[in-house]
Amino acid sequence: MILNKETAQKTAELLLQINAIKLQPQKPFTWASGWKSPIYCDNRITLSYPPIRNFLREHLSKQIEELYGKPDAIAGVATGAIGIGMLVADYLNLPFCYIRPEAKKHGRQNKIEGFIEEGQNVVVIEDLISTGKSSLLAVDALREANINIKGMLAIFSYGFDIAAQNFKNSNVELHTLSNFENLLEQAEKSSYISANEKILLDTWRENPAVWKQ
């Protein structure tokens, strides 16, 4: 869910500006899943641009306070959301932890890194939502540790129906600063893509697993 249209448009503009999001409908990318995609998103690039990372940090933090007040801690999903999650925790002056995709093979074999107590209220930070599968595995790990998940905030979502269903099934509230719809609107407005390319990108999002250019 998008809370603020202006923030969604500005976030999309900034991500396009630094090529954190690339749109190439005529020359698709290939994702690790094998899907052909006219869009590629790497929000970790935002960490290299202080004004942009500060914008994201402040707006994520303000939305957390608006939605949930002040949780006990912030949790980031490794590896993409460790940086931005830490920035949000610092802005809110809250403890921070992060969740690995799987437990370490050595040492204490932690899956959750950082100090967090049972029963605490946590907001999870993610950089990007595609199907939601890896994000929700992090939620499962926190719940196994008896942590109360207030909700998840992310920088960007592709807006796939499967993601919405996965979050609903897991009973996790998801909010994002921007999404695919706002991205296309901003990209067309700034002449980053043509009207025909917008149609092609919309078609991809309807069924990305079988999309062909």
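How many helices and strands does the secondary structure of the protein chain come to? The count is seven helices and ten strands. Both are DSSP runs numbered from the N terminus: helices are H or I with at least four residues, strands are E with at least two.

## Basis of the model

This is a predicted model: local features need pLDDT of at least 70, side-chain atom pairs count only at pLDDT 80 or more, and totals for chains, interfaces and linings use all residues. Residues are numbered from 1 along each chain as its sequence is written, and side-chain values use heavy atoms, without hydrogens or water.

## Overall fold

The protein chain has a radius of gyration of 17 Å. That agrees with the value near 17 Å for a compact globule of 213 residues. The radius is taken over C-alpha atoms, and the globule rule is 2.2 Å times the number of residues to the power 0.38. Along the principal axes, the C-alpha atoms fill a box of roughly 50 × 35 × 30 Å.

Of the 213 residues, 47% count as buried (under 20% relative accessible area, with a 1.4 Å probe and protein chains only). Take contacts (heavy atoms within 4.5 Å) between residues at least 6 apart in sequence: 65% of them join residues at least 24 apart.

## Aromatic cluster

The structure holds eleven aromatic pairs. Rings of Phe, Tyr and Trp (its six-membered ring) pair if their centres lie within 6.5 Å; planes under 30 degrees apart are stacked, over 60 edge-to-face, and the rest tilted. Trp-35 and Phe-160 pair edge-to-face, at 5.9 Å centre to centre and 75° between the planes. Trp-35 sits in the loop between strands S2 (29–30) and S3 (36–37), and Phe-160 in the loop between strand S9 (148–157) and helix H5 (161–169), so the pair ties together parts 125 residues apart in sequence.

Phe-160 is buried, with a relative accessible area of 3%. Its ring is also stacked with that of Tyr-158: the centres are 5.5 Å apart and the planes at 20°. Tyr-158 is buried too, at 2%. Ring pairs link Trp-31, Trp-35, Phe-156, Tyr-158, Phe-160, Phe-180 and Trp-204 into a cluster.

## Helices H6 and H7

Helix H6 (residues 180–189) packs with helix H7 (residues 195–206) at about 170°, with the axes 10 Å apart. H6 is therefore roughly antiparallel to H7 (over 145 degrees). Axes are lines fitted to C-alpha atoms over the stretch in contact, and angles run from 0 to 180 degrees between N-to-C directions.

From H6, Phe-180, Leu-184 and Glu-188 meet Ala-195, Lys-198, Leu-201, Asp-202, Trp-204 and Arg-205 in H7. The contact residues divide into five nonpolar, no polar and four charged. Here Ala, Val, Leu, Ile, Met, Phe, Trp, Tyr, Cys and Pro count as nonpolar, Asp, Glu, Lys and Arg as charged, and the others, Gly among them, as polar.

Note on methods
Buried < 20%, exposed > 50% of the residue type's maximum accessible area, 1.4 Å probe, protein only. Parallel < 35°, antiparallel > 145°, perpendicular 65-115°, else oblique.
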